[in-house]
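Here is a short briefing for a first look at this structure.

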Amino acid sequence: MKILLVDDEEELVSALAERLGIRGIDAEWVISGEEALLRVKDGKFDLAVLDVKLPKLGGRKLKKILQEKCPDMKYIFMTGHGSEDDFQSISNEVGKEYYLFKPVDIDDLIKKIKEALHSH
Amino acid sequence: MLKPKFWDYHDTSPHKSEHRFNFRRIWCLTVLLIAGVSLVPLISITLIDYNVTEQSIESDIMLRTARLVSNTQRSISFFITERRSALDFIVRDNTFESLTDPARLAALLDNIKKGFSGFIDLGVITHGGRQKVYAGPYNLEGRNYSKQNWYQQVLDQGVYISDVFLGFRKIPHVVIAIKRILPDGSFYVFRATLDTKQYNNLLHNLEMAGQGDAFLINHAGILQTPSRLYGKVFQKISLPVPGYAPKTRVLEGRGTNGVPLIIGYRYISNSPFILMVVKQKKEVMETWLNTRMVLIWFLCISITIILIVTLSITTHLVNRIHLADTKRVMTLHQVEFTNRLASIGRLAAGVAHEINNPLAIINEKAGLIKDLFKIKKEYQNDEKIIGLIDSVLSSVKRAGTITKRLLNFARHMDVSIETINLKKVISDVLGFLGKEAEYRSITVNLHVADDIPLFTNDRGKLQQIFLNLINNAFAAMNDGGHLDILAKKKKDKYVEIKVSDDGCGIPESLRHLVFEPFFSTKQKKGTGLGLTITHRLVHEIGGKIALESVAGKGTTFTITLPLNTKKNED
């Protein structure tokens with residue numbers, strides 16, 4: 001199980017990756033969409049946790065591009081913002097339950113990751 | 001009771017620049033204008049008609065009086081002329097010798113009495129004034145008239161018609177005397193006496209309206225015939241003798257007691273008489289006065305009706321304007337209120353957004369520290385540090401819950417119809433007011449029956465409704481009060497939500513005003529729009545709102561909402 005964390009807040013994403021590592025989940029992190037695209041080339045990820053608001057390449061756009069490259073990848077969205085448009089479209093794409101509001105409880109996140117990976 | 005609603009209306013709007021109507025002024029102006037344009041022409045026309053009619057009736061009365069005087073004068077004049085001509089004829093047809101024959105004179109008297117009414121006697125007076133021959137009922141032969149006034153006059157003028165006088169015989173009579181000059185230069189006077197009964201009858205039988213009176217006077221104002229109101233024969237009339245005029249004249253005058261009179265008169269030519277017809281103006285004008293009363297009544301009734309109609313229509317219309325204006329102002333306030341609420345929502349959402357990221361970082365960092373400590377054996381059992389980190393994490397969790405709720409609330413602000421979980425909506429609202437309740441130790445009890453299904457409605461409006469109602473309930477309660485919110489299903493198609501407080505309550509007398517705009521018991525603290533807007537919102541989402549209240553015990557608002565579950569089924 002390999003997970004990619006994408007968030008422009010380096011402090012957040014690095015700590016989160018480390019915590020997941022402690023819990024036995026192999027997580028890599030990047031702080032931009034572009035970097036994420038580069039990372040996907042060399043390693044296969046089972047799941048990506050995307051921030052909705054990313055500079056330049058936003059979370060939703062990133063997901064579309066990633067989906068073409070790796071059709072089997074699962075997605076969980078994380079956001080500090082609550083715009084109605086994002087909520088509606090993301091809920092439609094990945095389901096309401098995979099749209100998490102920051103701050104996220106680590107146990108909740110792990111639960112969602114497991115659910116997402118076992119959903120098919 | 002009759003006072004219209006707008007009368008005591010005072011502008012409570014804090015924005016003085018906002019254009020507002022002065023309803024009392026509008027009302028007064030409209031009433032004055034309508035009443036003015038309808039009453040002024042009506043009154044003018046009535047006045048003009050009144051004057052014109054009065055004048056024409058007056059002149060008509062004048063004309064009629066003049067005609068009467070003229071006609072009567074003609075009769076009297078003719079009466080006298082006829083008799084004078086008859087005497088003229090006798091004098092010319094008979095010689096002095098035959099006239100002085102007593103038998104012949106008696107025959108003449110007899111004949112003339114048969115031919116003309118009014119003759120009493122005939123006499124021939126020779127020079128020296130002695131009555132030589134006399135035919136008639138009195139014994140007047142040999143009487144000397146030389147000292148009498150009329151005798152002198154007949155000598156001067158040739159013909160003489162006397163005033164009415166009593167003479168030797170003490171009966172009113174008139175004398176007609178003709179002087180005849182004989183061929184030898186000597187002369188005699190032929191004298192006849194006429195009964196005045198004739199023209200007494202003539203005048204007496206005139207038909208006259210208005211206590212009319214017709215009589216003859218001489219130039220000195222002595223009555224020649226009896227009058228009804230102005231004295232007996234030979235008395236001086238109480239009216240002034242009118243000045244000489246060659247024709248009939250009619251004038252207005254006043255009687256001794258100030259009664260207005262219409263006086264018509266005519267000097268009868270070749271006689272000492274003046275014919276007078278006197279009418280009392282008031283009596284003559286009576287028919288017109290009656291018409292005038294009808295006219296005045298009509299005017300009064302018309303004015304009353306016009307005023308009533310004007311007042312009621314104006315009041316009605318101004319009331320309508322007032323109502324429309326109240327609605328307009330209310331809508332303005334509502335828009336303002338909603339806008340303010342929305343911008344507060346946006347602001348809160350913005351703050352929540354900004355805070356969420358640092359919170360997330362704190363969350364992860366603290367989590368990591370905790371993880372690290374758990375791995376490293378040396379800190380594993382340090383309860384204190386683990387406790388500190390746990391409290392940081394739990395605080396972050398609390399802050400996160402608040403920002404999440406705020407975002408959730410703000411996100412639903414502008415959204416219209418969606419699926420509603422009633423319990424969640426009310427809980428969300430209570431979430432905001434929970435702190436206030438806690439500080440004021442208000443016990444809030446929310447019970448939503450489990451059988452209430454999800455239904456579709458406008459979440460934003462529902463939130464606003466509950467926010468308003470709960471806010472009001474809090475304002476009405478003292479610290480330590482109780483707020484109960486109970487929701488249950490009603491007749492399968494409706495949900496009934498009761499919001500009850502044990503606050504100050506609303507007195508019976510004010511209860512009907514509660515939903516009126518700008519009514520507030522909070523003095524300056526409230527806009528008086530909260531419940532008005534709530535009422536409107538409830539109606540907008542198809543519900544009903546009712547109010548029960550016991551002053552001093554508390555208030556219960558009951559909202560009944562339809563359960564629209566159609567959308568939910570698909």
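A salt bridge here is a side-chain nitrogen of Lys or Arg within 4 Å of a carboxyl oxygen of Asp or Glu. In this predicted model, Arg19(A) forms such a bridge with Asp371(B). Their closest N and O atoms are 2.9 Å apart.

**Where chain B meets chain A**

- The rule finds four salt bridges across the interface of chain B and chain A.
- Seven residue pairs are in polar contact across this interface, both residues being at pLDDT 80 or more.
- On the side of chain B that touches chain A, the elements giving two or more residues are α7 (286-375) and α9 (383-411) of chain B.
- α7(B) gives the largest share of that side, with 15 residues.
- That side of chain B divides into nine nonpolar, six polar and six charged residues.
- In contact are 21 residues of chain B and 22 residues of chain A.
- About 2,100 Å² is buried between chain B and chain A, and carbon and sulfur atoms give 59% of this area.

**A sheet in chain B**

- Four strands of chain B form an open sheet in the order β6-β9-β8-β7, with antiparallel pairing.
- β6 (213-218) and β7 (249-254) of chain B stand at the edges with a single partner strand each, so one side of each has no neighbour in the sheet.
- From one strand to the next, the twist averages 30°.
- β6(B) pairs with β9 (residues 273-280) of chain B over six bridges, in the antiparallel sense.
- Asn218(B) stands opposite Phe273(B), which lies in β9(B).
- Helix α5 (residues 197-204) of chain B lies across β6 and β9 of chain B. α5(B) runs at about 145° to β6(B).

Conventions
Residues numbered from 1 in each chain as written. Chains lettered and ligands numbered in written order. Predicted model: local features only at pLDDT ≥ 70, side-chain atom pairs only at ≥ 80, totals over all residues. Heavy atoms only, no water. Contact = heavy atoms within 4.5 Å. Buried area = accessible area lost by both parts, 1.4 Å probe. Polar contact = N/O pair within 3.5 Å; in protein donor to acceptor, adjacent residues only side chain to side chain. Nonpolar A, V, L, I, M, F, W, Y, C, P; charged D, E, K, R; others polar. Pairing = 2+ DSSP bridges. Axes fitted to C-alpha atoms, helices over the stretch in contact; angles between N-to-C directions.
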